[in-house]
Amino acid sequence: MTEMLSYDFMQRALIAAALVGLVAPVIGTFLVQRRLALLGDGIGHVALTGVALGFLTGTSPVLSALIVSALGAAAIELVRVRARTGGDVALALLFYGGIAGGVLLIGLAPGANNATLTAFLFGSVSSVSEEDVAVVIGLAVLVVAVIAYFGRELFVLCMDEDTARAAGLPVRFLSLLVSITAAVTVVISMRVVGVLMVSALMVVPVVAAQQLTRSFRVTAALAVAIGVLSAVGGLSTAFYVDVAPGAAIVLLTLAVFAVAVTAGRLVRSRGGRAAGERTAPGGGKGAAVGTMPQDEPGSVTT
Amino acid sequence: MTSETTTARGAAAGDPASAPPAFRVEGAVVAYDRDPVLRGVDLTVPRGQTLAILGANGSGKSTLMRAMLGITPVAAGTVEVHGTPLRRFRDWNRIGYVPQRLFVGGGVPATVREVVASGQISTRRRLHRATREERAAVQEALEAVGLADRARAAVHELSGGQQQRVLIARALAGRPDTFLMDEPMAGVDAENQLALASAIARLREDGTTVVLVLHETGPLETLIERAVVLSHGEIAHDGAAPRPTGDCARPGHDHVHPHEDGAGPAGGVALPMVTGAEVPRRD
């Protein structure tokens, strides 16, 4: 442990990874609840176009990725509302456009090629600079502040849009806020796990946590704990075993998910029997309650 | 409801006699994909009235309620809420909306208490913990629907009827003076229907405006002061609640109003009051 911390690059990498592990599940909880588990993936693909644009114009790839993915996030909201298509179709359009745009633009950029994109596709947390860490800290604070300020409204919105409207909430603004906050999170996470695996950190800790919880707040808190532990644990593993850090982090979240599913089943089969006896006079469905939907789109994102 | 909230409400709204109606709808037209669902509906709901909007499936009764709340925009016509055009209406804490069913979204769990407390969204202060009064209002709402002992349960674990009661408690928690409920009895078993009916009866006694979209009046019949029957997007009847006579007066009989077009495949399908029938918890 001390050996790992003696390297400056590892200190920076650990800070970045821990922050990403903290922020991604926070916004991820709302995305999963809104049935937009794949939004992070869509935005990630668009961010790639932003990265390429940064190389092409000689500006910071992170900054251009931030702008382009925020615009992409806004576009997806518009497509969702206007075209009245499912969110999945809007996402598909972003996936293809984002990847194609990224590959096309990087080819035009002088001194850059597809290999340049690899660092952003799969992450390169060990090459994080002090400036990158500062950006990650700033954006992470921004995301947490937005969620702290608008969390209650977002809870109502993500449960049921009609009820949010009937409570006078600015539904369009809040929807946009969710998407753009997700875009910011993607850009933060891009350097750590790469755009192709960003969504895993937003979604997998949440679906792992919800196997074990009953409350929205506790789910979010547990998801954050899983996210931070996986990010730091995966990075440490990668340091000692010399594997790709992004992949190690994501596989660790999936392992936690598998454990959580098993633990959740055990807890429910015991608790479910007790609850079934308690509620027996009310309804015969008592024994079957408590199982989470297993068709969760988030569980198959990676 | 405590007596202080009732007085505070009265003071805020002015003298009830001169107060504007809870809702004034004029010439409301709503169309989905050019298919008119509401064809110019006029409806004024005075404060404190318990009104039922009845009609067959597809008659536009739910759409009318959604238009009254701005969930569905009107293509033509105007909607005023408590004397203010809907677009400029800001006192959303006065409105308690009970949707047809509880959406559990993407499956992130939420406890009964979390969902009920979210009914206070229009008045909660940002970045602050709930005040003592807010917590008391949540507790009161839970007790009013008989779910105080289930407050820590996850909503997706409850039966359809219990979920319906959670939705009513959520609306109650904001202590509104105007309730809109979209088919609160649909798919609710007889025991829960009685619990709901007594909750609505209490609201009526407190002078709350209650607008109910119903397929049939059922156990709420005695509570309803006025019934509006929609047929093909127009008001076909406005007046006293239609009383079942003869064979229809039998308890538990599916009441289909004569104004309804009972011949069509959609028109004839009345929701039967099957004891124990419940809506699916999610889809």
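What follows is a run of questions and answers about this predicted model.

Q: What makes Phe155(A) and Phe216(A) an edge-to-face pair?
A: Two numbers settle it. The ring centres are 4.8 Å apart, and a pair needs them within 6.5 Å. The planes meet at 70 degrees, and over 60 counts as edge-to-face. So the pair is edge-to-face.

Q: How do you know that this pair links distant parts of the chain?
A: Look at where the two residues sit. Phe155(A) belongs to helix α7 (residues 130-159) of chain A, while Phe216(A) belongs to helix α11 (residues 216-241) of chain A. They are 61 residues apart.

Q: Why is Phe155(A) called buried?
A: Its relative accessible area is 9%, and buried means under 20%. Phe155(A) is therefore buried.

Q: Is Phe216(A) buried or exposed, and how do you know?
A: Phe216(A) comes out at 6% relative accessibility. The cut-off for buried is under 20%, so Phe216(A) counts as buried.

Q: Why are Phe89(B) and Trp92(B) described as edge-to-face?
A: Their ring centres are 5.1 Å apart, and the limit for a pair is within 6.5 Å. The planes stand at 80 degrees, with over 60 needed for edge-to-face. That makes the pair edge-to-face. Phe89(B) and Trp92(B) are also both buried.

Q: How many aromatic pairs are there over all chains, and which residues form a cluster?
A: There are nine aromatic pairs over all chains. As for the cluster, ring pairs link Tyr7(A), Phe9(A), Phe239(A) and Tyr240(A).

Q: Where does Arg101(B) lie?
A: Arg101(B) lies over the face of Phe103(B), at 5.1 Å from the ring centre. The distance cut-off for a charge over a ring is within 6 Å, and 5.1 Å meets it.

Q: What about Asp132(A): buried or exposed?
A: Asp132(A) has a relative accessible area of 15%. With the buried cut-off at under 20%, Asp132(A) is buried. Asp132(A) lies in helix α7 of chain A. Leaving aside residues up to four places away in sequence, Asp132(A) touches Ser127(A) and Arg191(A).

Q: Why is strand β3 (residues 50-55) of chain B said to be largely enclosed?
A: Six of its six residues are buried, so β3(B) is largely enclosed by the rest of the structure. Thr50(B), Ala52(B) and Leu54(B) point one way from β3(B), and Leu51(B), Ile53(B) and Gly55(B) point the other way, all of them buried.

Q: How do you know that β3(B) pairs with β8 (residues 209-214) of chain B?
A: Count the bridges. Pairing needs at least two, and β3(B) and β8(B) have five, in the parallel sense. One place to look is Ala52(B), whose bridge partner in β8(B) is Leu212(B).

Q: And which other strand is β9 (residues 226-231) of chain B paired with?
A: That would be β3(B), again in the parallel sense over five bridges. Here Leu54(B) stands opposite Val229(B) in β9(B).

Q: What makes β2 (35-45) and β5 (84-85) of chain B edge strands?
A: The open sheet runs in the order β2-β1-β4-β5 (chain B), with antiparallel pairing. β2(B) and β5(B) each have a single partner strand, so one side of each is left without a neighbour in the sheet.

Q: What makes up the secondary structure of chain A and of chain B?
A: Chain A has 12 helices and zero strands. Chain B has six helices and 10 strands.

Q: What share of each chain counts as buried?
A: For chain A, 54% of its 302 residues are buried. For chain B, 52% of its 283 residues count as buried.

Conventions:
Residues numbered from 1 in each chain as written. Chains lettered and ligands numbered in written order. Predicted model: local features only at pLDDT ≥ 70, side-chain atom pairs only at ≥ 80, totals over all residues. Heavy atoms only, no water. Phe/Tyr/Trp six-rings, centres within 6.5 Å; stacked < 30°, edge-to-face > 60°. Helix = DSSP H or I, 4+ residues; strand = E, 2+ residues; numbered from the N terminus. Buried < 20%, exposed > 50% of the residue type's maximum accessible area, 1.4 Å probe, protein only. Lys NZ or Arg CZ within 6 Å of the ring centre and 35° of its normal. Contact = heavy atoms within 4.5 Å.
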